[in-house]
Structure formats: structure tokens, C-alpha cells
Amino acid sequence: MAKKTVKDINVKGKKVLIRVDFNVPMKDGVITDENRIVEALPTIKYVLENGGRAIVFSHLGRVKDEADKAKNSLAPVAKRLAEHLNQNVNFVPFTRGAELEAAVNALKDGEVLMFENTRFEDLKGKKESNNDPELGKYWASLGDVFVNDAFGTAHRDAASNVGIAANIGSTVAGFLLEKEINFIGGTLENPARPFVAILGGAKVSDKIEVIQNLLKIADKVLIGGGMAFTFFKAMGYEVGKSLLEVDKVELAKELLEQANGKIELGNDVFTGKAFDPETERNVRAIDQIPTDELGLDIGPNTINIFKSYIENAKTVVWNGPLGVFEFPKFAEGTKSVALTIASIKDRATTIIGGGDSAAAVIQFGLSDGFTHISTGGGASLEYLEGKVLPGIACVDDK
Ligand code: ADP
Ligand code: MG
């Protein structure tokens, strides 16, 4: 279903509530990665350039007690935002009240204010995170229209997304949310084929619904990473000390049956004797993993098998690293797959969803090699599971 975006509404002279995802990593009050601020700029700038009055807000971290408040103030983020926008950002250190309301009413066209961490409202009864109806209504009363651009929290019902949307006339997507809807939602709805899904990461249990959903949609599902060993066990192989979820072996069997040949696991792995970056690396055929070794990466033959599927794909969706890429010795599988996907960028739609997979690709310096790298960890996972995300559902249809 096509969703309205900020381009579909008139923002001139309007008080525009903009929910962004400024949940940036911080250390001692210093922002260590400002990518999320940079990514939010197009939507904020669009509103300002078109004469809107921007009221920007976000959550930051978790707020369980008073001490968390000092740690998780958005003040440093407002400062960086002002520098990026090259204009004043009036930071209001509250989430409600007379001072905030006065600041909102004083806004002129093209001006921007930001208010404090929405999760400060979690201290007295999780009002933000549990979507307290009074809070959504209150925030909605501050604005004329609502732009949701926070994909990272789109899988949660919060006062600052669905709560506001339920109490305001017009809710539209910002450019970042639009991109996620088009690339993840659009691709899953109508993929160019062949569609190859690549799944990795640590555990089957984290990804059951992703596997099930992609098995329905994709033409081939390549599985690597720690989760592969539960499947290998289900196929009757001994996996040594590899990551194994004993209680998921039956499920893996069922998935393999259901998949009817659609799942490809390859036939070898790189192993080590310990979960240690310095451990010696061996190549083992899948039926020859010694009892005292564990699989830490997909093996060279498997890399080639995966490559041959990827090279012919028109759509690739990738979630989860194929090995312990944090150890340079065991990054080869993940890196080779990333390079292969990057090599087909001109002729295929290639998407990464998943926090660690995105981190891996960025670490390899290959982020330009993909059509879309999703900004949401949990949200992209649930989107890939085929779920309706509340933060998207609350946006008006076109
Ligand atoms: P994503 O965040 O992309 O969804 P996950 O969180 O599911 O990915 O998994 C990422 C983690 O999986 C990485 O930290 C990686 O080290 C780990 N991993 C990958 N392969 C293995 C393996 N063979 N054994 C143990 N852990 C693995
Ligand atoms: Mg992860």
C-alpha cells in the first residue's frame, strides 16, 4: 500500500511534528556515530525550506531512573543538528509543559525546535514506550501535521509514533521511512526474480519468522553463520563444538522439508578449536567437523556456491553475517558475499537488513555497493518477517 510522504502535504506556515530516530551511540556525552543525525537531515531540511515550523523529537537510549536522564539527554544531539543545518535549533529540555508550548508558539516559518528525549516520559509509567493515550494526544496537540521518519522504532507502538498519529489529522512518512517502505516493503511485495535471500547471524531462534517468511517469497534461501549448524545437525551431520540450538533441530528439519530444496547451506566450513580470533583456521567438509572444533565461517566451496546464486539474482535480501566477521580470520565468507552482492549492484536490487550485517558491510568499506542498507535493526527484522509495523501502518495511505 502506497503511503503519503512529506511531499504530499503543504507544510507552509504549519507546525510540523517530526519524529526522527536520533538514538545515536554516545560515550560520556559525546556522540560517537552521527549517521542517524545526517540521515534525518533531508526530511527536516525539506520542511524548513518549504516554510514549515519544525518540531523535532526522538527517543535516546532507555530511561529507567533519574540517573539515566543525565546520560540520555538529547542536548548534544540538538547542538550537532544545529551545526548540520547551519541554523539555530531551539532546544527545550522538557517533554511537555508551558515552556515547551511557548517555544512551539513562538516558532516562525523555517525555524526549528527540538524537545527532550521522549523516553523521559517513561519514568512515571512508561508513558512513551507503552503508548499512553494522554501523551500521544498531548504531543499531537502541539502540531498541525505529523511526519514520521523514525524507522528504527516503527516496530513498536509508542506515544511518539502511533499515539500522535491517532490524534492528528495528517500523518505522513519522512524520506527515510519512505526509503525503507519502498525498498523493504516494496521488494518483499513484488521482487524481481530470481530473488535470493541470504540469512546468517548467530541463532536460528532469532530468525525463525524471517526464514519462514522469506521461504515463501524468495526463490533461494542461502543460510550461513551460527544458525547453519542447527540445520546441519538436522541433516544428520555432527557439528563439533559449533553453535547449536538443540531445541530447534526439529524445527530446522521441518523448515528443510517445507523448503523443498530452496534452502542452500553449502558443504564446508572454516573451523577453529576455540571461539578466539587467534585460533588456527581449518577448512572442513560438512561431514568431517572434528568433535573438538567449531564452525566460525562458511567454507571456500560454500562461498563459491553462494556466489553463483547471487551472481544470477535480480533481488538480494541479506540479513545476518555468515561468520564471526569480528575476527579477521573468519570474515572471509561475509566479505566475499558482500563483494559479490556489490558486484551486481547495477543489475539487481540489493538490500541489507540487520544491525550486524550493516555494520560488517560498513566495516568492509562497501556501503556504496548496495541499493539499500536498512537503518533499523529490530524494525528491519520484523519487516522481513512480513509483519505490519505500527509506525508504518499509522501513516496515511495515498
Ligand atoms: P544481524 O544483527 O545482522 O541481524 P545477528 O545479530 O543475528 O545479525 O548475528 C550477528 C552475530 O552472529 C555476529 O556477532 C557474528 O559474530 C555471529 N556469528 C556469525 N556466524 C557465527 C558462527 N559461525 N558462530 C558463532 N557466531 C556467529
Ligand atoms: Mg544483531
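The request below names the helix, and the answer follows.

User: Which residues of helix H13 (residues 355-363) are buried, and which elements do those buried residues pack against?

Analyst: Happy to walk through this one with you. Please keep in mind that this is a predicted model.

Let us begin with the whole protein. The chain folds into 15 helices and 17 strands. Its radius of gyration is 23 Å, close to the 21 Å that the globule rule gives for 398 residues, so the protein is as compact as a globular protein of that length. Along the principal axes, the C-alpha atoms fill a box of roughly 70 × 45 × 35 Å. Of the 398 residues, 56% count as buried. Among the contacts with a separation of 6 or more, 73% are between residues 24 or more positions apart. The accessible surface comes to about 16800 Å², and carbon and sulfur atoms hold 48% of that surface. As for charge, there are 47 positive and 55 negative side chains, with the centres of the two sets 3 Å apart.

Now to your helix. In H13, the buried residues are Ser357, Ala358, Ala360 and Val361. These four residues cover an arc of only 155° around the axis, which puts them on the same side of H13. The face turned away from that buried side carries Ile362 and Gln363, both exposed. Past the end of the helix, H13 is followed by Gly365, a residue with a positive phi, near 70°.

What does the buried side of H13 pack against? Its partners are strand S15 (315-319), helix H12 (332-343), strand S16 (349-352) and strand S17 (372-373).

Two of those partners lead on to another helix. Strand S15 spans 315-319 and strand S16 spans 349-352, and Thr187 touches Thr315 and Val317 as well as Thr349 and Ile351. Thr187 itself is found in helix H7 (residues 175-189). With a relative accessibility of 8%, below the 20% cut-off for burial, Thr187 counts as buried. Asn182 is also among the residues that Thr187 touches, once residues up to four places away in sequence are set aside.

Following H10 is Asn260, with a positive phi near 55°.

The C-alpha atom of Leu222 is separated by 36 Å from that of Thr43, 179 residues apart along the chain.

To come back to your question, the buried residues of H13 are Ser357, Ala358, Ala360 and Val361, and they pack against S15, H12, S16 and S17.

Terms used:
Residues numbered from 1 in each chain as written. Chains lettered and ligands numbered in written order. Predicted model: local features only at pLDDT ≥ 70, side-chain atom pairs only at ≥ 80, totals over all residues. Heavy atoms only, no water. Helix = DSSP H or I, 4+ residues; strand = E, 2+ residues; numbered from the N terminus. Rg over C-alpha atoms; globule rule 2.2 N^0.38 Å. Buried < 20%, exposed > 50% of the residue type's maximum accessible area, 1.4 Å probe, protein only. Contact = heavy atoms within 4.5 Å. Areas by Shrake-Rupley, 256 points an atom, 1.4 Å probe, with all protein chains shown as cover. Lys, Arg positive; Asp, Glu negative; His and termini not counted. Charge placed at Lys NZ, Arg CZ, Asp CG, Glu CD. Arc of directions from axis to C-beta.
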